[in-house]
Amino acid sequence: MATTELTYKRSAISPFFFWVAGLAIMILIGIAGMANVLMNGLQVTGLNDRVPWGLWITQDLSSIGLGAGAFTFSALVYLFRVKRFEPLARAAVFVGFLGYTSAMLALAMDIGRPDRFWHPLVYWNVHSVLWEITWCVILYSTVLALEFLPILFSSNYFSRWPWIRKFGELLHRGAPVMAVIGMGLSMLHQSSLGATYGVLSGRAIWFKPSMPVMFIISAVAGGISLTLLATILTGKLTNRRLISLDLQREIARLAGYVLLGYLYLKIWDWAATSYYSHSPGTASALSRLQATTPYTQTFWWLEIILGGLIPAFILLYPSLRRNDRALMIGLGLIVMAVVVNRWNVTLSGLVVPPEWSPGVLGGVLAASYFPTWTEVAVSIGILGYGLLAFTLGVKYLPIFRRARAHGGD
Amino acid sequence: MKKNKKKKGSPSIIGRRDVLKIAGATGAAVVFTQLVTTGPLSSDAVQGIGRQTHQANASGGQEWHMVIDLSKCIGCHYCLWTCQATNDVPEDDMRWNIGFPETTENGVDFFMTRPCLHCQQAPCVKVCPVGATWVREDGIVAMDYTRCIGCRYCEVACPYDVRRFNWKVSEKENPYQPAWGTSEVERRPRGVVEKCTFCVQRIDRGVAQGLTPGVDPQATPACVNICPVNARVFGDINDEESPLSKYLAEHDTFRLREDFGTEPKVHYVRPEKEA
């Protein structure tokens, strides 16, 4: 058992082929989109000077947020020594690694000069939250790669080179150290991504100290949920039970509690800034938002109710949590809510720009945004990369196998 | 593994190692606090970030400001066009200096124009991850097009819609040349952000030649020179004799959204006289 790869049932080969072929097509679509961007520049996007960030930034923020399972499980297992969570640690690191690489792909497309991606490393502006994020994301991706390499090296393929395997085992011994570094880096940049918006004093909707906190807590809830969802789904498709039911339910409950904590803060975030108080800038921006965009609706219905209260109920109500199908729906809704939240946060601040004209007409050009096919194509391609890498990883790498090099139990 | 188990079992008494750890952590906290409250990492030092790496401009204590008198402006668009010609901005939607018809609360029509406000506490400067934009000694918010990575965070941070991103390189001939001026700067490459510079090329050359920006046309921003009704006034706010200082002393002025705390260097005179 310990040395066999996951095998697919004979009857499942054909759907598997179609699945991989579909993902390959997604990647091809993405490559076409990327080529268009690199050749013609960002004029092929729906972005403009009023709304300079859109779909790709949403994808970038979501991928990093949903990759937060990696630092959460690494910290739980290797730092706080909650050993019973170990069967999920590898999957979490793998999902995180794919999330961060996806984010970097999206960012490489989004910046106007991809050839200068290294500038933040050489030219420092320590006062920029984005500078800190760039450093953290690069360093943390390195940590994830170092955490992922032992998994790669322990696959059968590398058994012909024992020294590589030894090296992998050596790396894995450093897991607790990397968990500490990873947790530190994640606590910095997962929150700084929210601070990216939270520090902008000129944008009333964004400018509040809760932003960084909301980002990291939603990332922890989303990261745990995606890791667990991917695990359950893989188990169903391969007809294997990858983790014990007890563990599955315990993690689901954990995600539920984190989500509940998030909702508590979220409600106060809303109430304190827009219900019990009246700050002119915020009130004006929110009323314009309600009048001209669907984002007030998507906030309440998709973020709070469908992606918050309902999954919290599913995950915390024992008989629903025990139903695999309901549980998967609940986890999927949380993942959806993280993506919707990142889109809502990004777009809502941009589409209602501050009014600075001394007159009553405003004069500020209408800000609107809709992604073009190129943007959608690139996003599909990056998503395809993540899904294909996960599929192949689960098939060929010992992602869901007990660690031999470590544990020893 | 074994070591850890052993440690787990031992009673938790504060030993020499723990004392050292606590002392180290305290020391690190003190150093960190010092770093972020004073010195180059402090919040106040933000304007210096770009300066450290860029050649200091020859500022003799001057600080350039502008006044736009909305009660004088006749809405002729000349300042918009000459800006486009001088700084080679062929596309109208890329204007550094924008203008549009406006109405006051009392129903008085006026023409609102807005160059970059060159905020002393510029949000765009603070957020740039590579220090490609900075507040110069003389107050001008400058850009380094060779360093910009095109992330557009400065566009997101600017509350005044000042910055423009080169979504493409315009191949178009500049329709405002030569009628409204000739290019004094190179057209920017695709993928970087640009903005109004207060015609910094004129100021730097003029100051080096001993001219006075705001008085000598060769050293004054193009939009100020072209105005047929002298609705724009430019000069050194630290020089009491500058036309700008005199204008500010004689008129009630305001700045756009002072509540943002950005401290803009463009001052406006209300379109209607006080009733």
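This is a predicted model: local features need pLDDT of at least 70, side-chain atom pairs count only at pLDDT 80 or more; totals for chains, interfaces and linings use all residues.

Visitor: Where is Leu233(A) placed?

Guide: The place of Leu233(A) is in helix 9 of chain A.

Visitor: Is Leu233(A) buried, partly exposed or exposed?

Guide: Look at the relative accessible area. Under 20% is buried, over 50% is exposed, and partly exposed is in between. Leu233(A) has 38% relative accessibility, so it counts as partly exposed.

Visitor: What separates the C-alpha atoms of Leu233(A) and Met328(A)?

Guide: Compare the chain with space. Along the chain, Leu233(A) and Met328(A) are 95 residues apart. Their C-alpha atoms are separated by 8.0 Å. Now take Leu242(A), in the loop between helix 9 and helix 10 of chain A. Leu242(A) is buried, because its relative accessible area is 16%. Leu242(A) and Ala145(A) are 97 residues apart in sequence, and their C-alpha atoms are 23 Å apart in space.

Visitor: Which side chain meets Glu250(A) in a salt bridge?

Guide: That of Arg84(A), at 2.7 Å from N to O. Glu250(A) lies in helix 10 (residues 245-275) of chain A, and Arg84(A) lies in the loop between helix 3 and helix 4 of chain A, so the pair ties together parts 166 residues apart in sequence. Glu250(A) is partly exposed, with a relative accessible area of 22%.

Visitor: What is the partner of Asp324(A) in a salt bridge?

Guide: Lys236(A), with the closest N and O atoms 2.9 Å apart. This pair links distant parts of the chain. Asp324(A) is in helix 14 (residues 324-351) of chain A, Lys236(A) is in helix 9 (residues 210-237) of chain A, and they are 88 residues apart. Asp324(A) is buried at 13% relative accessible area, whereas Lys236(A) is partly exposed at 42%.

Visitor: Which side chain does Asp259(B) meet in a salt bridge?

Guide: The side chain of Arg257(B), at 3.0 Å from N to O. Asp259(B) counts as exposed, at 56% relative accessibility. Arg257(B) counts as partly exposed, at 25%. Salt bridges can also share partners: Arg50(A), Asp161(B) and Arg164(B) are joined in this way into one network.

Visitor: How do I read the interface between the chains?

Guide: The size of an interface is often given as the accessible area lost when the parts come together. Between chain B and chain A, about 4400 Å² is buried, and carbon and sulfur atoms give 59% of that area. In chain B, Tyr153(B), Val156(B) and Trp167(B) lose the most area to chain A, together 17% of what that side buries.

Visitor: How many residues does the contact take from each chain?

Guide: The contact takes 57 residues from chain B and 51 from chain A.

Visitor: How many salt bridges and polar contacts are there between chain B and chain A?

Guide: The rule finds 2 salt bridges across the interface. Arg152(B) and Asp110(A) meet in a salt bridge through their side chains, at 3.1 Å from N to O. There are also 28 residue pairs in polar contact between chain B and chain A. On the side of chain B that touches chain A, strand 2 of chain B gives the largest share, 5 residues. That side divides into 34 nonpolar, 9 polar and 14 charged residues.

Visitor: Which residues of helix 7 of chain B are buried?

Guide: An α-helix has 3.6 residues a turn, so residues three or four places apart point the same way. Then list the buried ones. In helix 7 (residues 200-208) of chain B they are Val200(B), Gln201(B), Arg202(B), Ile203(B) and Gly206(B). They pack against strand 1, helix 4, helix 8 and strand 8 of chain B. Gly210(B) follows helix 7 of chain B, and its phi is positive, near 85 degrees.

Visitor: Last, confidence. What is the mean pLDDT of chain A?

Guide: The mean is 92, and 94% of the residues of chain A reach 70 or more. Over residues 403-409 of chain A, though, the pLDDT is below 50. Beyond near neighbours in sequence, that stretch has 12 contacts in the model.

Notes
Residues are numbered from 1 along each chain as its sequence is written. Chains are lettered from A and ligands numbered from 1 in the order in which they are written. Side-chain values use heavy atoms; hydrogens and water are left out. pLDDT is the predictor's confidence in each residue, from 0 to 100. Contact means heavy atoms within 4.5 Å. Buried area is the accessible area (1.4 Å probe) that two parts lose on being put together, summed over both. A salt bridge is a side-chain nitrogen of Lys or Arg within 4 Å of a carboxyl oxygen of Asp or Glu. A polar contact is a pair of N or O atoms within 3.5 Å; within protein, one must be able to donate a hydrogen and the other to accept it, and residues adjacent in sequence count only if both atoms are side-chain atoms. Helices (H or I, at least four residues) and strands (E, at least two) are DSSP runs, numbered from the N terminus. Ala, Val, Leu, Ile, Met, Phe, Trp, Tyr, Cys and Pro count as nonpolar, Asp, Glu, Lys and Arg as charged, and the others, Gly among them, as polar. Buried means under 20% relative accessible area, exposed over 50%, partly exposed in between (1.4 Å probe, protein chains only).
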